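Have the viewer open as you read.

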Amino acid sequence: MRAGKGPPDVTILGAGIIGVATALNALERGLSVEIIDERSPGEATSFGNAGVISPFSVVPQCLPGIWKDVPRWLLDPRGPVKLRWRNLPQVLPWALSFLRNATPERVNRIADAMALLMQHNVDVYRRHLAGTGHEGLIVDAMNVTVFRGAAKPNMQDLALSLRTARGAGVEIIDQSDLRDLEPAIATEYHSAALIKGQARALDPGALCKILADKARSAGAVLRRIRIAGLERDAEGSIALRTAEGSIATRKLILAGGIWSRDLLAQLGYRLPLIAERGYHLEFPDPGVSANHSIQDAAAKVILSSMRGGIRVAGTAEFAHIDAPPNYARARALSPLAKRLLPDLNIEGAREWMGIRPSFPDNLPAIGPMPDLPNLIAAFGHSHYGLGMAPVTARLAVDHVIGAPNTDLSAVSPNRFLRD
């Protein structure tokens, strides 16, 4: 517990879903907490995802054979991947490391680590929402991956087998059952693979804000301050450097997403964390609805009904962290959404861009930084931050209280810093 007017037991840098979930976990374990961010909770990457919360999001992006698709994706204006070519020198080393992870053995190891980080995520979110008056923000929803043309769902497909091997309930349905499940779906989609036992958030940004309010009401202090850098003293404690002076910490959890990279570089840590931009479109008056999270197997986009309309997401762009948004990437999602739902009203669409912090093995960094046990990493969750936040929170706080009991070698920041 906090003593006197000194620093809190734990300072969390970052008010996204990782930082907020970590604050709630720390408060439940009797720690005093301060969250620091220059933005309000849920205003950055946590705002704009597709809302999927699944214990079975265990499929990394670095699947075997992906290299065959990358040239076609890069040349397709509506493709799922875009590279700003001036950034190729920075992206190329990361991409080569990414492809080295695309082997069956490594993918299975990564999937095991992802499964650990996804455990009980739906249950934890519902527990956190209990009593807030916003329990309905999370609803049961399957992942419905739909197929058209010659492509067909196959239980032996690697992505499905990675899920079923880790406990997912999967069912393949034909066009008739698909139309019963999702009446608005286009008739060209002839079948689907259903992934059961998961949920979705109807407003991910609001979810983060509501949980931040809960943390505040439980005693957490939230401060909006821009952090210019990190400083360490001879004892290994970390202070936050701001324009208004230095902020002392006892234990610092770094949950700042992509912005964590440059802060750690000031302390001599060089991590292969890249800015992977994601875009979405949200149609505020869609005229149709989706009962579940619908994913086009070919186009690599996912569509969901949200509180603010229908949202379609699923594009990636590699660009400098400070480069202006390329909203043509968001607008390219409109015809893909219309293909899924032909009667969708696309007028008045709202565009959004956020920056995913991605390591080349698709796993985050969780745990103390080498030689700095008071600085604990909790960032780099790529596409999976919403699903991994509850377990990330528990593991990070384990290190604060000195009681880690989980092997974190697969996600340790040290995996990138060994000689």
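Predicted model: local features only at pLDDT ≥ 70, side-chain atom pairs only at ≥ 80, totals over all residues.

Two strands count as paired if DSSP finds at least two bridges between them. Helices (H or I, at least four residues) and strands (E, at least two) are DSSP runs, numbered from the N terminus. Residues are numbered from 1 along each chain as its sequence is written, and side-chain values use heavy atoms, with hydrogens and water left out.

Now the sheet: 3 strands make an open, antiparallel arrangement in the order β3-β9-β5. β3 (52–53) and β5 (138–140) are the edge strands with a single partner each, so one side of each has no neighbour in the sheet. β3 and β9 (residues 199–201) are joined by 2 bridges, and Ile53 has Ala199 in β9 as its bridge partner.

Salt bridges here mean a side-chain nitrogen of Lys or Arg within 4 Å of a carboxyl oxygen of Asp or Glu. That rule gives a count of 21. One of them pairs Asp398 with Arg29 at 2.4 Å, N to O. It ties together distant parts of the chain, 369 residues apart: Asp398 sits in helix α12 (residues 385–400), Arg29 in the loop between α1 (17–28) and β2 (33–37).

Asp398 also bridges to Arg394, with the closest N and O atoms 3.9 Å apart. Those two are both in α12, 4 residues or about one turn of the helix apart. Together, Arg29, Arg394 and Asp398 form a salt-bridge network. Asp398 is buried at 5%, whereas Arg29 is partly exposed at 32% and Arg394 is partly exposed at 28%.

Arg216 is partly exposed at 40% relative accessibility, and Asp213 is partly exposed at 43%.

## Around Ser237

Ser237 is in the loop between β11 (229–232) and β12 (238–242), partly exposed at 22%. Beyond neighbours within four places in sequence, Ser237 contacts (heavy atoms within 4.5 Å) Glu231, Arg232, Thr249 and Asn374. The C-alpha atoms of Ser237 and Asn374 are 6.1 Å apart, though 137 residues separate the two along the chain.

Conventions. Buried < 20%, exposed > 50% of the residue type's maximum accessible area, 1.4 Å probe, protein only.
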